[in-house]
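Please look over the structure below.

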Amino acid sequence: MIDDSDVDAVDESESEEVYELEPPVTADDNPEEILQEAIKAVESSSGEGAAVEIVGGSQESELEELRERYLRTLADFENFRKRSERQRKESQRYATTEPLRAFLSVVDNLGRALGAEGSHEDLKAGVEMIQRQTVEMLRRFGVESVGAEGEPFDPTVHEAVMRYEDPDVREQIVTSELQKGYMLYDRLLRPAMVKVAVPAESGEGSGDDS
């Protein structure tokens with residue numbers, strides 16, 4: 001017999017957001033040109049009308065140090081970009097970890113139902129329990145069923161697979177749900193497959209043929 005236990009509570013974990021930054025330079029940029037621009041910036045900030053003369057000795061060593069620093073920064077940024085891309089892909093790959101972990105308890109109960117001994121009614125009761133458990137699990141993760149039977153036909157959430165005229169209706173009404181539809185928060189996961197009654201083309205009569 002299957003224990004009528006709820007799905008184990010699963011702590012909601014915040015997924016780590018990875019922000020991608022646009023690189024200040026691209027592969028097409030010329031390092032020499034950027035270096036020259038950096039030198040010009042240094043010249044302009046070193047004093048009014050001051051100029052840096054790149055001749056012999058200390059100036060050349062400073063230029064080489066600036067070049068090495070630039071290349072090192074470029075390499076660090078490339079490593080950062082690759083690491084961020086790798087983290088983004090991992091975040092996407094494991095985004096369904098929590099829903100799947102919760103769903104494992106449903107799989108466990110299905111296995112117990114298959115191996116359980118008992119009458120047809122016992123089996124039916126077990127399957128109904130598993131269905132309730134599944135619906136509750138889906139609700140925890142933002143999935144809700146779409147209203148259908150008795151509702152006005154809405155093409156944004158309903159898919160009409162059968163239509164028939166009914167003189168008693170004044171607008172298209174869903175009279176039967178053939179397959180449930182579901183929403184994930186405000187986004188449609190799957191439309192409900194429905195049977196729809198439409199007003200008769202003969203007019204707006206009440207259908208009183210007596």
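**Briefing**

Met183 stands opposite Leu188 in β5. This is a predicted model, in which local features need pLDDT of at least 70, side-chain atom pairs count only at pLDDT 80 or more, and totals for chains, interfaces and linings use all residues. Residues are numbered from 1 along each chain as its sequence is written, and side-chain values use heavy atoms, with hydrogens and water left out.

**Sheet**

- Strand β4 (residues 182-184) pairs with β5 in the antiparallel sense over three bridges; strands (E, at least two residues) and helices (H or I, at least four) are DSSP runs numbered from the N terminus, and pairing takes at least two DSSP bridges.
- An open sheet is formed by three strands in the order β1-β4-β5, with antiparallel pairing.
- β1 (143-145) and β5 (187-190) each have a single partner strand, so one side of each is left without a neighbour in the sheet.

**Aromatic rings**

- Phe77 and Phe80 form a tilted aromatic pair, 6.3 Å centre to centre with 40 degrees between the planes (centres within 6.5 Å; under 30 degrees is stacked, over 60 edge-to-face, the rest tilted).
- Phe77 and Phe80 are three residues apart in helix α2 (residues 56-93), and about one helical turn separates them.
- Phe77 is buried at 18% relative accessible area, while Phe80 is partly exposed at 27% (buried is under 20%, exposed over 50%, partly exposed in between; 1.4 Å probe, protein chains only).

**Helix α3**

- Leu110 lies in helix α3 (residues 97-115) and is partly exposed, with a relative accessible area of 43%.
- The C-alpha atoms of Leu110 and Gln131 are separated by 9.9 Å, with the two residues 21 apart along the chain.

Terms used
Phe/Tyr/Trp six-rings, centres within 6.5 Å; stacked < 30°, edge-to-face > 60°.
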